[in-house]
Amino acid sequence: MSDIIFHHYPISPFSEKIRLIFGFKQLKWKSVMIPSILPKPDVTALTGGYRRTPVMQIGADIYCDTALIADVLEKLAPTPSLYPAPVAGLSRTLAQWADTTLFWTAIAYTFQPSAISGILGDVTPEQMKAFSADRAAMRANAPRMSLPEATGQLKEYLRRLEDMLVGGSSFLLGEQASIADFSVYHALWFARRVPAVAGILDAYPNLLAWMDGIAAFGHHQFDKMGSEQALEIARSATPANAAEYAFVDTHGIALGERVSVMPTDYALDPVVGELAICSDNQIAVQRSDERAGVVLVHFPRVGFQMKRAD
Ligand SMILES: N[C@@H](CCC(=O)N[C@@H](CS)C(=O)NCC(=O)O)C(=O)O
């Protein structure tokens with residue numbers, strides 16, 4: 001199998017979700033460090049415009065969004081499963097809540113004035129300004145939550161999660177870990193690593209013990225790789241066989257037509273290419289790039305929108 005190449009940066013919570021899944025499934029990976037703000041020319045050469053973090057690459061296949069990345073890793077290494085029966089559907093649904101509602105509540109709480117320097121680490125005032133401007137542009141008109149609302153709502157979510165662990169269960173949905181654990185974990189990890197705000201978790205001892213257990217999966221083995229090498233690998237590889245995926249028509253758009261795909265919530269950068277996969281749970285477009293060659297860029301159905309490109 002070609003290497004799993006993971007494009008990420010250290011403080012990215014969604015990246016931490018996948019790094020821990022590498023640990024859980026004992027998968028070796030290559031680590032490509034990417035910028036946390038635009039411009040990201042080497043990332044967008046691979047994705048065609050998608051700028052969110054992380055992105056996973058296997059040869060000339062580029063996977064966007066951690067929900068899809070988790071599915072691909074499950075296929076590569078089915079055990080231990082991220083979707084154990086009988087909580088397969090429940091774990092995906094709880095994960096989706098955590099990746100959206102819980103994540104943005106935790107972000108609104110964590111990004112309070114006293115915490116900013118603890119979040120970004122050793123950065124200059126100019127870098128801090130650039131980060132804030134980048135995120136403001138990326139979120140555009142997405143709704144924002146005030147600190148008092150975020151504090152009250154996060155505490156309520158923490159109480160609910162704590163309740164799920166009462167009685168000593170090892171994971172949120174029982175004795176087996178699931179995708180829900182990794183999705184809930186990364187949102188809380190972001191707050192826990194910032195001393196000025198981490199104290200909010202102290203009232204929830206079961207949750208803290210559960211977090212220690214998830215952290216113990218670690219990140220397994222990885223080697224560093226430069227982004228130029230990752231581009232070279234994409235250029236010299238051939239994308240996966242798109243014909244293996246059954247076509248599920250929901251938009252009246254045929255395979256091969258030019259489409260544009262982008263998220264439904266924020267960072268609405270369109271990726272344009274020929275529709276190559278339109279299956280029950282994913283969409284992929286084939287595009288050709290001067291530096292990356294012919295690549296297949298994959299997205300999950302949930303959280304993305306597709307339309308015919310002009
Ligand atoms: N639903 C996406 C969310 C990804 C996301 O929002 N990632 C954050 C970083 S953790 C991001 O992209 N921030 C802007 C950036 O890195 O450019 C996923 O599951 O991958």
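Visitor: What distance separates the centres of domain 1 and domain 2, taken over C-alpha atoms?
Guide: In this predicted model, the chain is divided into domain 1, covering 5-79 + 222-308, and domain 2, covering 88-215. Taken over C-alpha atoms, the centres of the two domains are separated by 24 Å.

Visitor: Which element gives the most to the side of domain 1 that touches domain 2?
Guide: The contact between the domains involves 15 residues of domain 1 and 20 residues of domain 2. By class, the side of domain 1 that touches domain 2 has 12 nonpolar, no polar and three charged residues. With seven residues, the element that gives the most to this side is H1.

Visitor: Is H1 roughly parallel or roughly antiparallel to H3?
Guide: The axes of helix H1 (residues 13-25) and helix H3 (residues 66-76) come within 10 Å and cross at roughly 10°. Angles under 35 degrees count as roughly parallel. The crossing angle therefore makes the relation of H1 to H3 roughly parallel.

Visitor: How many nonpolar residues does the contact of H1 with H3 have?
Guide: H1 contributes Phe-14, Lys-17, Ile-18, Ile-21 and Lys-25, while H3 contributes Thr-66, Ile-69, Ala-70 and Leu-73. Besides one polar and two charged residues, the number of nonpolar residues in this contact is six.

How values were computed: Residues numbered from 1 in each chain as written. Predicted model: local features only at pLDDT ≥ 70, side-chain atom pairs only at ≥ 80, totals over all residues. Axes fitted to C-alpha atoms, helices over the stretch in contact; angles between N-to-C directions. Helix = DSSP H or I, 4+ residues; strand = E, 2+ residues; numbered from the N terminus. Parallel < 35°, antiparallel > 145°, perpendicular 65-115°, else oblique. Contact = placed C-beta atoms within 7 Å. Nonpolar A, V, L, I, M, F, W, Y, C, P; charged D, E, K, R; others polar. Domains from an automatic or database assignment.
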